[in-house]
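Visitor: Hi, I have a structure to look through. Can we go over it together?

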Amino acid sequence: MLLHEFRPGRLLAGATALAVAALYAADAVGALDVPWYTVFPLLSGGLLLAAAAAGIAYRLRLRTRRRSASSASADSTGAPASTSGSQAMR
């Protein structure tokens, strides 16, 4: 059982931020020579991919919710749960 839903958009946004941070850390240590303007295409491209993944995941969740709601409403065609009319509260 999962504790929460899988969110691929958030995963990609986090991975993008970690990649940019790793590049800047490598530049600070001196392992790489990364220009300052490199962050803009990397960050915008990663966030664009994250937005696309989040939109696709949202549409898929919406489609599965609609299917489960339509199948649940089709099952309730019989008699109501209580025909006696007593709706006693405990």
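Visitor: Which backbone oxygen lies 2.8 Å from a polar atom of the side chain of Thr16?

Guide: The backbone oxygen of Leu12. A polar contact is a pair of N or O atoms within 3.5 Å; within protein, one must be able to donate a hydrogen and the other to accept it, and residues adjacent in sequence count only if both atoms are side-chain atoms. Keep in mind that this is a predicted model: local features need pLDDT of at least 70, side-chain atom pairs count only at pLDDT 80 or more, and totals for chains, interfaces and linings use all residues. Residues are numbered from 1 along each chain as its sequence is written, and side-chain values use heavy atoms, with hydrogens and water left out.

Visitor: Where is Thr16?

Guide: In helix H1, residues 8–29. Helices (H or I, at least four residues) and strands (E, at least two) are DSSP runs, numbered from the N terminus.

Visitor: Is Thr16 buried or exposed?

Guide: Thr16 is buried, because its relative accessible area is 13%. Buried means under 20%, exposed over 50%, partly exposed in between (1.4 Å probe, protein chains only).

Visitor: What does Thr16 touch?

Guide: Leu42, Leu43 and Gly46, leaving out residues up to four places away in sequence. Contact means heavy atoms within 4.5 Å.

Visitor: How many helices and strands are in the chain?

Guide: Two helices and zero strands. Of its 90 residues, 13% count as buried.

Visitor: New topic. What about Arg61?

Guide: Arg61 lies in helix H2, residues 39–75. Arg61 has 16% relative accessibility, so it counts as buried. It touches Glu5, Phe6 and Arg7, again not counting residues up to four places away in sequence.

Visitor: Now aromatics. How many aromatic pairs are there in the whole structure?

Guide: Two. Rings of Phe, Tyr and Trp (its six-membered ring) pair if their centres lie within 6.5 Å; planes under 30 degrees apart count as stacked, over 60 as edge-to-face and the rest as tilted.

Visitor: Why is the pair of Trp36 and Tyr37 edge-to-face?

Guide: Because their planes are at 85°, with the ring centres 5.7 Å apart. Trp36 and Phe40 have planes at 90° and centres 6.2 Å apart, so that pair is edge-to-face too.

Visitor: Which residues form the aromatic cluster?

Guide: Trp36, Tyr37 and Phe40.

Visitor: Are Trp36 and Phe40 buried or exposed?

Guide: Trp36 counts as exposed, at 61% relative accessibility. Phe40 counts as exposed at 53%.
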